[in-house]
Amino acid sequence: MSSTTDSPSIAFDNSYAALAPEFHQRLSPTPVSQPELMAINDALALHLGIDPESLRSSAGISMLAGNTVPDGATPLAMAYAGHQFGNWVPQLGDGRAILLGEVIGRDGVRYDIQLKGAGPTPFSRGGDGRNWIGPVLREYVLSEAMAALGVPTTRALAAVKTGDHVMREQGPLPGAILTRVARSHIRVGTFQYFTARQNHAAIEQLVQYVIKRHYPEAAQADVPALALLDAVIDAQASLIAHWQSIGFIHGVMNTDNSSISGDTIDYGPCAFMDDYSADKVFSSIDRGARYAYQNQPRIAQWNLVNFAQCLLPLFDEDKEEAVRLAQESINRFDERFIGYYLTLMRAKIGLADEKDDDLTLISALLNLMQTHSLDFTLTFRQLSQRSATDPFAPGGKLHDWHRSWLQRVGDDAAALEAATQLMQRSNPVIIPRNHQVEAMIDAAVRDGDLAPFEALLKAVTTPFDKAHDESDFAVPPSPDERVTQTFCGT
Ligand code: AMP
Ligand code: MG
């Protein structure tokens with residue numbers, strides 16, 4: 001492996017590599033046989049100050065496949081631990097991801113550039129360090145959809161095929177690498193890794209690093225670590241409220257998949273609901289329904305308790321006082337979550353002001369949607385695009401609810417028009433539906449056909465476009481198209 005001068009010019013400015021050696025293992029990606037481009041995210045490349053054409057060149061593709069390391073990169077695998085489905089695992093780490101380095105985006109924000117599926121690392125624990133087309137295209141579409149929906153998330157910069165096969169339960173599958181961009185890849189599990197090793201110096205270094213990178217205002221607080229906890233609680237409360245408001249189920253909210261910056265990270269068995277049900281689970285491995293839709297706020301809080309535990313020694317010398325302070329912060333999660341949730345859900349039903357009973361009105365709608373197995377995305381869209389045959393119309397299953405809603409909105413033309421405008425801005429027409437995601441993956445794997453991927457990506461990245469109201473992508477699956485389970489098989 002060599003560094004080449006015709007590699008894309010990327011203004012790396014790497015800070016994680018400068019942390020103490022126990023934070024990471026330095027190593028280069030493992031080369032692959034025949035890199036082939038699948039997708040480049042031009043807008044994101046430009047945002048990062050990278051010429052998208054340079055990524056499309058053979059030197060660019062070689063870099064995205066891990067065959068060459070660009071100038072200025074300091075490739076490494078990050079160390080972390082985590083609770084997986086509630087069970088403590090003292091060492092996880094990047095088993096198949098390699099951080100090339102960081103760049104400062106046009107918004108002044110520092111971004112990680114990471115290759116996911118770039119070969120084994122010292123954290124691979126027997127895994128092959130690889131990825132295949134399915135999860136790569138899935139993460140590409142899902143994460144870009146989330147960004148377009150206004151949900152904090154990691155992004156997809158590029159996807160390449162490797163020309164090699166990877167072995168999974170289904171048999172040999174075409175290998176692929178995703179270039180993932182994130183505000184950082186620091187997780188609750190990164191803190192847990194050092195706490196479990198009683199490495200207080202590392203925790204202090206990590207706290208300082210995270211405050212500087214993500215929450216600089218916390219540095220001014222009396223107890224910066226406590227201000228950091230509050231900021232992360234707030235970011236997570238807002239993130240989960242966003243998930244709930246679009247029917248997104250992450251599916252594997254382990255502490256190692258819980259980001260400190262408050263971004264959605266690790267698109268494994270995640271899925272958007274079609275028909276609404278509060279206890280919906282898609283992941284085949286989530287047998288106890290730990291990560292069901294309605295559990296997401298509670299689980300986020302559980303993850304935050306684990307985060308708080310890592311910071312305890314920095315809150316107060318007195319242990320009891322430290323625990324009291326942590327508890328006080330953690331207890332504020334519910335209130336913050338409900339606040340964010342109400343803001344988002346009010347907008348979804350066109351309410352620009354606040355009244356005490358709004359949560360009751362929203363919950364009543366959700367309960368009816370569950371009783372009648374109504375599609376989450378379509379139902380909200382129908383409320384903003386009324387038609388004579390939708391469930392809100394006379395004789396429809398939601399007609400009585402619609403009457404209470406009209407009372408709340410104010411039954412005059414101006415109020416209705418304002419509500420309609422707000423709802424159309426707040427309710428997507430298009431979400432990446434499971435059956436379409438699977439169909440797009442099938443076409444890519446079976447026929448090497450990327451056209452369905454490209455079409456779906458285009459639709460999900462303009463989710464509020466009214467033109468889509470007539471599109472096939474806006475239509476819920478028919479009963480025989482419905483995908484009810486997603487597999488981790490990554
Ligand atoms: P995830 O379920 O993707 O969050 O991964 C959990 C842990 O397993 C992380 O430490 C990953 O790096 C590791 N891992 C997942 N898939 C592989 C693989 N194919 N090879 C090596 N490590 C992996
Ligand atoms: Mg993970």
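**Close-up views of the predicted model**

Helices H4 and H16 are roughly parallel to each other, a class that covers angles under 35 degrees, with over 145 counted as roughly antiparallel, 65 to 115 as roughly perpendicular and the rest as oblique. This is a predicted model, in which local features need pLDDT of at least 70 and side-chain atom pairs count only at pLDDT 80 or more, while totals for chains, interfaces and linings use all residues. Residues are numbered from 1 along each chain as its sequence is written, chains are lettered from A and ligands numbered from 1 in the order in which they are written, and side-chain values use heavy atoms, with hydrogens and water left out.

**View 1. Packing of H4 against H16.** The axes of H4 (residues 133-148) and H16 (residues 451-460) cross at roughly 15° and come within 9 Å; axes are lines fitted to C-alpha atoms, for helices over the stretch in contact, and angles run from 0 to 180 degrees between N-to-C directions. Helices are DSSP runs (H or I, at least four residues), numbered from the N terminus. On the H4 side, Leu137, Tyr140, Val141, Glu144, Ala145 and Ala148 meet Phe453, Leu456, Leu457 and Val460 of H16, where contact means heavy atoms within 4.5 Å.

**View 2. Packing of H10 against H11.** H10 (residues 333-348) and H11 (residues 358-371) have axes that come within 10 Å and cross at roughly 65°, which makes H10 roughly perpendicular to H11. Tyr341, Leu342, Met345 and Arg346 from H10 meet Asp358, Leu359, Ile362 and Leu366 from H11.

**View 3. The magnesium ion (ligand 2).** Its protein donors are Asn257, through OD1, and Asp266, through OD, lying 1.8 to 2.2 Å from the ion; donors are N, O and S atoms within 2.8 Å of the metal (3.2 Å for Na, K and Ca), and sites may look incomplete because water is not among the atoms. Asn257 counts as buried at 10% relative accessibility, and Asp266 is buried at a relative accessible area of 17%; buried means under 20%, exposed over 50% and partly exposed in between (1.4 Å probe, protein chains only).

**View 4. The largest nonpolar core.** This core has 125 residues, and those with the most contacts inside it are Tyr16, Phe191, Ile349 and Trp405; a nonpolar core is a set of buried Ala, Val, Leu, Ile, Met, Phe, Trp, Tyr and Cys residues joined through side-chain atoms within 4.5 Å. Helix H7 (residues 224-246) supplies the largest share of this core, 15 residues. Apart from this core lies another, of 27 residues, including Ile40, Leu55, Val103 and Tyr111.

How values were computed. Helices (H or I, at least four residues) and strands (E, at least two) are DSSP runs, numbered from the N terminus.
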